[in-house]
Amino acid sequence: MTEPKGNLEVLDLRHFSAAQLRPLLRHEAVRWERRLHWDYATSAELLLEYLDGRVLPGFAALRGKQIVGYTFGVLESAKAVIGDVYAPEEAERLDNPICDLLLRHLIEMLQATPGVSRIESQLLMFPAGALAEPLLSSGFHTFPRLFMHWDFASAKQGQANAAVPAGLNLQVWQPEFYESAAEAIHRAYQFHVDSGVNDQYRTIAGSQRFLHNVIRFPGCGKFLPANSWVVREEASGKIQALLLSSQIRKDVGHVTQLCVAPELRGHGIGRLLLNCCARHFADSGIRSMSLTVTEANAPAVKLYEDLGFKTLHRFDAMIWNSR
Ligand SMILES: CC(C)(COP(=O)(O)OP(=O)(O)OC[C@H]1O[C@@H](n2cnc3c(N)ncnc32)[C@H](O)[C@@H]1OP(=O)(O)O)[C@@H](O)C(=O)NCCC(=O)NCCS
């Protein structure tokens, strides 16, 4: 690891107000926009509220009086999530000594927090491998992931209203689908690589928390109920497949969830949901859509590439389990 330049002091993040951290977040928002076509402003505002509430565990790096980097985590009972790490002066560089140092402090604190038995990290802005060292040396495992982007100008969407197989109905999202949708998500990810990446998928209660986060919070963009879709069994009303979407920039949509019941895969339902969503985005003036996918999830990656998605960026999900 390259040593950070100058004397750096690492202090508890809770010493600092939103006003002091705002310039860093502004800088970071520009990076999100350039690299991922993502308007980070709403997420940044929510983060600034939490920072002002002094509730986030984390650290700031200071050179003299200047804050040159920050990191924070989120504690959810037995799980901690590494929320972010950023140092503006490293944005254009290949090495990240300040971020590396901050991460080491955060990991050490989270691993020593009583009751924390799992830590998840998906630092979307960092290319795969960029911050691997502090995480791998602390016992984390890597799941490479792809940020994929479909520019509607370069590959056209298929039919929005292609027929679903007999006995099923395609319907737009309604709040009352919440519980059945959580069950469908839980079922779709049993024995799936993504249950290793996101442990919420392993239980119905966890899948409900996942849905709650996607629907209520702007972390994955602003939820778009009018362009989120479920496929239900006509007879029972049970949800067998779903696609949830959000808006991450004025002209960019994002898929926050896509899954199909195991017994119904390979019948074109995933493709149909993606085409339906893309067509509705295009009709409302949105020019492209993105999603993230675990690289090892070969059927999903193949389907996305087939439709016209291209990999914009490769990043790491990193997971630590205490046992
Ligand atoms: C990824 C996933 C959503 C794909 O859904 P799906 O409904 O099986 O996808 P589709 O049927 O549209 O396409 C998959 C394959 O079926 C083929 N297919 C399309 N229409 C078909 C039809 N009428 N009959 C048979 N096969 C068909 C597609 O061409 C594709 O074939 P390929 O394997 O040669 O690429 C599904 O596998 C899934 O839920 N996986 C678990 C959750 C997950 O990984 N979600 C994505 C996270 S990013």
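View 1. The protein is divided into domain 1 (9–139) and domain 2 (150–313), with bounds that come from an automatic or database domain assignment. The C-alpha centres of domain 1 and domain 2 lie 29 Å apart. This is a predicted model, in which local features need pLDDT of at least 70 and side-chain atom pairs count only at pLDDT 80 or more, whereas totals for chains, interfaces and linings use all residues. Residues are numbered from 1 along each chain as its sequence is written, and side-chain values use heavy atoms, with hydrogens and water left out.

View 2. Of the area that domain 1 buries against domain 2, His37, Trp38 and Arg118 supply 38%, which is more than any other three residues.

**View 3. The shell around the ligand.** The ligand is surrounded by 20 residues (each with a heavy atom within 4 Å of it), and the closest are Val260, Gly266, Gly268, Gly270 and Asn297. The shell divides into 10 nonpolar, seven polar and three charged residues, where Ala, Val, Leu, Ile, Met, Phe, Trp, Tyr, Cys and Pro count as nonpolar, Asp, Glu, Lys and Arg as charged, and the others, Gly among them, as polar.

View 4. A polar side-chain atom of Asn297 lies 2.7 Å from an oxygen atom of the ligand, a backbone N or O atom of Arg271 lies 2.8 Å from a ligand oxygen atom, and an N or O atom in the side chain of Arg265 is 3.4 Å from an oxygen atom of the ligand. The protein covers 71% of the 930 Å² of accessible area that the ligand has on its own, as computed by the Shrake-Rupley method with a 1.4 Å probe.

Technical notes
Polar contact = N/O pair within 3.5 Å; in protein donor to acceptor, adjacent residues only side chain to side chain. Buried area = accessible area lost by both parts, 1.4 Å probe.
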